[in-house]
Amino acid sequence: MKAFALHFSFEFAAGLRNRTLLMMNYLFPLGFYFLAGAMMTGINPLFREQLLPAMVIFAVLAGSILGLPAPLVEAREAGILRSYRINGVPAGSLLAIPALSTAIHLILAAAVITVTAPPVFKAPLPQNWPASILVFLLMLFAYSGLGSLIGVISGNSRLSILWSQLIYLPSILLSGMMVPAEMMPPAFIKIGHLLPASYAMQGFIGLGQGQPLLYEPGWALLVLLAGGFLAFALAQFLFTWDSQNSARRGHPLLAVLALLPYLLGALLLV
Amino acid sequence: MLEPAVQVINFRKNYGSFTAVDQISFKVLPGEIFGLLGPNGAGKTTTLECLEGLRRADGGELRVMGVSPAREPRRLLGLIGVQLQTGSLPGYCSVAEAMRFFSAYHGVAPDFVSLERLGLGDNLKTQYHALSTGQKRRLALALAVAHRPPVLILDEPTAGLDVATRAALHRLLKELREAGTTILLSTHDMAEAETLADRVAILLKGRLAAVGTPREITAAGAGLTKISVRTDGECLAGISFPGVARQSRQEDYLIFFTAAPGPSVAAMIAQIDSAGDQLIDLRVERPSLEERFLELTTEEVS
């Protein structure tokens, strides 16, 4: 337990010392939030309604999908994981601790957005705080799982960037963050539901703000929970210590299975 | 009969169709320093990595303190301290953090004394990316010995170290041996192996070319002693002395390789006296491990 706590405190500190992580956890999402908040609410005052959930989802995407995989890939490439292995650091810790420390950073970033959005941009706060917090935590779980999985299956940094962008860009464009879901063509809504952000957005709007939804919001929570569990389980299963060692338990393409709950959601709910 | 600390029996490792290590066997006794020598690609690191549990053997049997690295990896971790050839640490991790962090995973108190001994006492707050190559290797060694393992496995421990640090590291390794630690190290440095190792194994292209004490291995070769002589004349040139197999010239010195150093030296001095020349310098060097190693590699190539 002491080792876990020390490892966690080191990872948490690294999130502030490492400029890339600092950028992905704080500077990029908060900078984008202030910029988008100023521009989008000026162009379309109705955007205030979804500013808070949209920017919180954006922060989670930046930290977990763009920030979380890279250190894991770099650690494997540089032989850091080998050093961890021969010193008894369990594989589970190497997945859980960065995900947990990223989660803490993202909770802090989300707190900054939540505290500043009403006074600065006149954005409404959630009507149902517990439900909103639950949606936020499940979204964080789902995206941390996907981020960890990208870090596990990517053979090098370039591949991890590619996989991250494949999740990140559609999440931004098709989840209803920037354009309300009801204004998008049905096919785009379906495609958007292949990723967690759409379910998180529905959860925030329906459960947090009590607005009408495409489907029962409880399903959104269930899909996020299942997606997170599946992604972490696959990350643990496919984890390799060494980029030079060919021994692995499964083909990296098995990682696609992590999208199964979202696929079922897209087919059955939308 | 002492139970070996490390046992390698008919060990084989393939990478695809390439056989990196082919049926080698050796044992390392408790409390000895055992050197694994060989050129690049000989299979030294592969052998060590299989003993460390980082890779799986394709044949044969490996045991460290009676434990199979493949079958009991968790038990193995408490028995070995490892300095990897290609290991690293996170760039933003300080020296002190690394020591606390790994010591906690081994369930022991941080060993700041070893850091001090290895010259890292002033670098406790320095982050890993800011350390020099030598400092990184010393940190890796300090981390490897922190939990006082009975077996230490070191892959090229002195590569990139300056002379003073290398000497300090040699002293530390000898102290660890005296305290009962078994040390298995790979090295390119023959002089290091000769001064440090109790026994060595020479690996060539994945096969074991020789095992024994440095003296035994050098004795198994041609075993010619090198005599370097410098005089103010040319009285020794071209003369045949007892036991001398060949001679050559190196700058102002005549170099003789002889199987009978005593009679050769006596005959050379007598020749110098009778010619009325002055002896300026005379050196007698026994065959080194390096010369034997070169002999073996040449035999392998031919």
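Me: Two residues are in contact if their C-beta atoms, placed from the backbone, lie within 7 Å. What makes P29(A) and L106(A) count among the residues that A59(A) touches?

Reply: This is a predicted model, in which local features need pLDDT of at least 70, side-chain atom pairs count only at pLDDT 80 or more, and totals for chains, interfaces and linings use all residues. Residues are numbered from 1 along each chain as its sequence is written, and chains are lettered from A and ligands numbered from 1 in the order in which they are written. By the contact rule, A59(A) touches P29(A), L106(A), A109(A), A110(A) and I113(A), residues up to four places away in sequence being left out.

Me: What makes A59(A) part of a nonpolar core?

Reply: A nonpolar core is a set of buried Ala, Val, Leu, Ile, Met, Phe, Trp, Tyr and Cys residues joined through C-beta atoms within 7 Å, where buried means 20 or more other C-beta atoms within 10 Å of the residue's own. A59(A) belongs to the largest such core, of 153 residues, and is among the members that touch the most others, together with I57(A), M139(A), L149(A), L224(A) and A142(B). Another core, of eight residues including L254(B) and F256(B), lies apart from it.

Me: How do you know that the size of chain A agrees with a compact globule?

Reply: The radius of gyration is taken over C-alpha atoms, and the globule rule is 2.2 Å times the number of residues to the power 0.38. For 270 residues the rule gives a value near 18 Å; chain A has 18 Å, so the two agree. Buried residues make up 49% of chain A.

Me: Which elements are found in chain A?

Reply: Helices (H or I, at least four residues) and strands (E, at least two) are DSSP runs, numbered from the N terminus. Chain A has twelve helices and zero strands.

Me: Which helix of chain A gives the largest share of the side that touches chain B?

Reply: In chain A, 22 residues are in contact with 22 residues of chain B. Helix 1 of chain A gives the largest share of this side, seven residues.

Me: Why are strand 2 and strand 4 of chain B said to stand at the edges?

Reply: Strands pair if DSSP finds at least two bridges between them. The open sheet has the order 2-1-4 in chain B, with antiparallel pairing. Strand 2 (18-28) and strand 4 (59-64) of chain B each have a single partner strand, so one side of each is left without a neighbour in the sheet. Strand 1 (residues 6-15) and strand 4 of chain B share five bridges, and the bridge partner of I9(B) in strand 4 of chain B is E61(B).

Terms used: A residue is buried if 20 or more other C-beta atoms lie within 10 Å of its own, exposed if 12 or fewer, and partly exposed in between; C-beta atoms are placed from the backbone.
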